[in-house]
Amino acid sequence: MKINDKLTKDIRDRISNITGKILWTNPNPMSEFASQTITLNSNDYDYLEFIFKSDYDDSTKAIISGRTIKGYGVRTSYTSITSFKFWSRQINYNSETNYDIGDCMVITSNSGSVSNTNLIPLYVIGYKTGLF
């Protein structure tokens, strides 16, 4: 077996055994979500996935996610072609268990504003991969 083959197999074996653990759950997923700090219930992860639904009343039935590695934030976004709007939320790293989730900003062809009834966070899932 070549060195590259062994490395590829080692990485493939690690990735195939990865399972996630929910580290935070939104207690009010049917409500608007203003800018706030959330606290994860563990720092035993090296990769995070933030799961959002597109709107608070679930009318569009769309799920969006943003992924990052420990120590970094992430920006997530959603675009509607039918209404020509773009929504975005910034998630900033504070510490291994604290993240600031910013207001949802909606941008149309001629303006931008806060729209906290969109990009509602549902869960934060932590993964222990051993890769980072």
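In what order do the four strands of the open sheet stand, and is the pairing parallel or antiparallel? The order is E1-E10-E3-E4, and the pairing is antiparallel.

## Basis of the model

This is a predicted model, in which local features need pLDDT of at least 70 and side-chain atom pairs count only at pLDDT 80 or more, while totals for chains, interfaces and linings use all residues. Residues are numbered from 1 along each chain as its sequence is written, and side-chain values use heavy atoms, with hydrogens and water left out.

## Overall composition

The protein holds one helix and ten strands, where helices (H or I, at least four residues) and strands (E, at least two) are DSSP runs numbered from the N terminus. Read from the N terminus, the elements follow the pattern α-β-β-β-β-β-β-β-β-β-β. Of the 132 residues, 35% count as buried; buried means under 20% relative accessible area, exposed means over 50%, and partly exposed lies in between, with a 1.4 Å probe and protein chains only.

The accessible surface comes to about 7,900 Å², and carbon and sulfur atoms account for 52% of that surface; the areas come from the Shrake-Rupley method with a 1.4 Å probe, and for residues only the protein chains shown count as cover. Among contacts (heavy atoms within 4.5 Å) between residues at least 6 apart in sequence, 57% join residues at least 24 apart.

## The open sheet

In the four-stranded sheet E1-E10-E3-E4, strand E1 (20–25) and strand E4 (63–69) stand at the edges with a single partner strand each, so one side of each has no neighbour in the sheet. Two strands pair if DSSP finds at least two bridges between them, and strand E3 (residues 47–55) pairs with E4 in the antiparallel sense over seven bridges. Phe52 stands opposite Ile64 in E4.

## Aromatic pairs

A search of the whole structure finds five aromatic pairs, the criterion being that rings of Phe, Tyr and Trp (its six-membered ring) have centres within 6.5 Å, with planes under 30 degrees apart counted as stacked, over 60 as edge-to-face and the rest as tilted. One of them joins Tyr47 and Tyr127, whose ring centres are 5.6 Å apart and whose planes stand at 55 degrees, so the pair is tilted. This pair links distant parts of the chain, with Tyr47 in strand E3 and Tyr127 in strand E10 (residues 118–127), 80 residues apart. Tyr47 is partly exposed at 21% relative accessibility, whereas Tyr127 is buried at 16%.

Phe50 and Tyr99 form an edge-to-face pair, 5.5 Å centre to centre with 70 degrees between the planes. Phe50 lies in strand E3 and Tyr99 in strand E7 (residues 98–101), 49 residues apart. Phe50 is buried at 1% relative accessibility, and Tyr99 is buried at 0%.

Phe50, Tyr93 and Tyr99 form one aromatic cluster. Tyr93 is found in strand E6 (residues 85–95) and is partly exposed, with a relative accessible area of 30%. Leaving aside neighbours within four places in sequence, Tyr93 is in contact with Gly71, Tyr72, Gly73, Asn98 and Tyr99. A polar atom of the Tyr93 side chain lies 3.4 Å from the backbone nitrogen of Glu96.

Ser42, in the loop between strand E2 (36–39) and E3, is buried with a relative accessible area of 16%. The side chain of Ser42 reaches the backbone nitrogen of Asp44 at 2.9 Å. Beyond neighbours within four places in sequence, Ser42 is in contact with Leu23, Glu96 and Thr97.

Definitions and conventions
A polar contact is a pair of N or O atoms within 3.5 Å; within protein, one must be able to donate a hydrogen and the other to accept it, and residues adjacent in sequence count only if both atoms are side-chain atoms.
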